[in-house]
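My notes follow in the order in which I took them.

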Amino acid sequence: MTFDLQGRVALVTGGARGLGRAHVLALASRGAAVVVADDGAALDGATGDPGAAAATVEEVAAAGGQAVACVADVGTEAGARMAVETALAEFGRLDALVANAGVLRDRSVAKMTADDVDTVLRVHLAGSMYCVLQAWPALKESGSGRIVLTSSASGLYGNFGQANYAAAKSGMLGLGSTLALEGERYGIRANVIAPVARTRMTEPLMPPELLAGLDPARVSGLVAYLTSAECGESGSVFEIGGGLVARVRIVESDAVALPDPADPAGDAAIVDAVAALAELPPGRAYPSSSAALARIMEAAGSVPAS
């Protein structure tokens with residue numbers, strides 16, 4: 001079975017190289033028209049190769065697909081708008097957004113600068129949100145709009161030297177869940193991937209024998225499915241790489257009672273409560289923040305007014 005993307009238009013940010021390029025090729029090979037939005041920036045966000053997007057477009061054309069380049073910095077509102085407007089001007093519609101663009105400024109917190117923080121958050125998190133804001137009307141108009149956001153293991157679990165990157169990637173989880181809730185009435189589905197692949201970001205960090213099994217194309221098949229009209233999945237997070245895929249969920253334990261603040265022995269009870277939560281059985285996933293907070297609201301409503 002091949003996911004039929006004929007007639008669909010997708011925007012892939014950071015689409016010139018690495019994972020983005022693999023996504024573009026996967027979508028185009030299944031019939032989608034693709035906007036390759038990439039300003040060719042270097043890995044740290046510095047000015048790079050503005051011809052990178054055009055090179056990927058040529059690769060798509062050589063394989064019989066349809067794509068157009070957009071040299072735009074989607075980490076700005078103007079750049080995100082330009083990318084979406086390119087899709088509408090060239091193809092008349094937009095059905096899917098794959099927010100993949102990213103940069104790295106790895107340093108420990110002790111050495112990190114404000115510019116390291118601003119640059120990484122701007123491209124990863126703000127850039128994804130800018131693209132969503134600009135694409136939302138067209139995705140609503142599509143009737144089967146699809147959004148794929150890109151997180152990472154660092155965003156899920158943290159990683160030494162990547163506080164800025166991990167914060168940005170963690171933000172994709174809340175953004176994806178919210179978009180899934182708000183998009184449901186319009187037929188928009190939103191999901192998050194946390195990929196592991198051979199890219200500019202990972203090549204300096206992993207041995208060649210490991211990188212050989214981390215072909216980005218092994219991630220892009222899932223992206224093709226998540227952008228298809230037939231995909232009903234929404235609000236999910238998938239960790240993927242090396243031919244494996246896993247579903248990731250935030251789960252909560254059963255709640256334990258805290259002491260009344262007026263209780264003189266309350267501090268010791270707080271320590272005991274935290275210790276009791278060291279294990280997570282049975283663990284429960286909630287579909288929304290309101291559902292997760294319902295038990296706390298119920299408990300709060302039973303506390304007498306002071």
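**Salt bridges**

I began with Glu233, which forms a salt bridge with Arg247, the closest N and O atoms being 2.8 Å apart. Glu233 sits in the loop between α8 (217–226) and β7 (237–241), and Arg247 in strand β8 (residues 244–248), so the pair ties together parts that are 14 residues apart in sequence. A salt bridge here is a side-chain nitrogen of Lys or Arg within 4 Å of a carboxyl oxygen of Asp or Glu. Helices (H or I, at least four residues) and strands (E, at least two) are DSSP runs, numbered from the N terminus.

I noted the basis before going on: this is a predicted model, in which local features need pLDDT of at least 70 and side-chain atom pairs count only at pLDDT 80 or more, while totals for chains, interfaces and linings use all residues. Residues are numbered from 1 along each chain as its sequence is written, and side-chain values use heavy atoms, with hydrogens and water left out.

I then looked up accessibility for the pair. Glu233 is partly exposed at 24% relative accessible area, and Arg247 is partly exposed at 42%. The classes are buried under 20% relative accessible area, exposed over 50%, and partly exposed in between (1.4 Å probe, protein chains only).

How many salt bridges does the structure hold? I read eight. One of them joins Arg105 and Asp116, with 3.2 Å from N to O. That pair links distant parts of the chain, with Arg105 in the loop between β4 (96–99) and α4 and Asp116 in helix α4, 11 residues apart. Arg105 counts as buried at 17% relative accessibility, and Asp116 is buried at 2%. I also found Arg105, Arg107, Asp115 and Asp116 linked in a network of salt bridges.

Next I checked Asp95, which forms a salt bridge with Arg93, the closest N and O atoms being 2.6 Å apart. Is Asp95 buried or exposed? Asp95 counts as buried, at 0% relative accessibility, whereas Arg93 is partly exposed at 35%.

I took the axes of helix α1 (residues 18–29) and helix α2 (residues 52–62), which come within 10 Å and cross at roughly 30 degrees. Axes are lines fitted to C-alpha atoms, for helices over the stretch in contact, and angles run from 0 to 180 degrees between N-to-C directions.

Within α1 I picked out Gly20, which counts as buried at 0% relative accessibility. The C-alpha atoms of Gly20 and Asp38 are separated by 9.2 Å, and the two residues are 18 apart along the chain.
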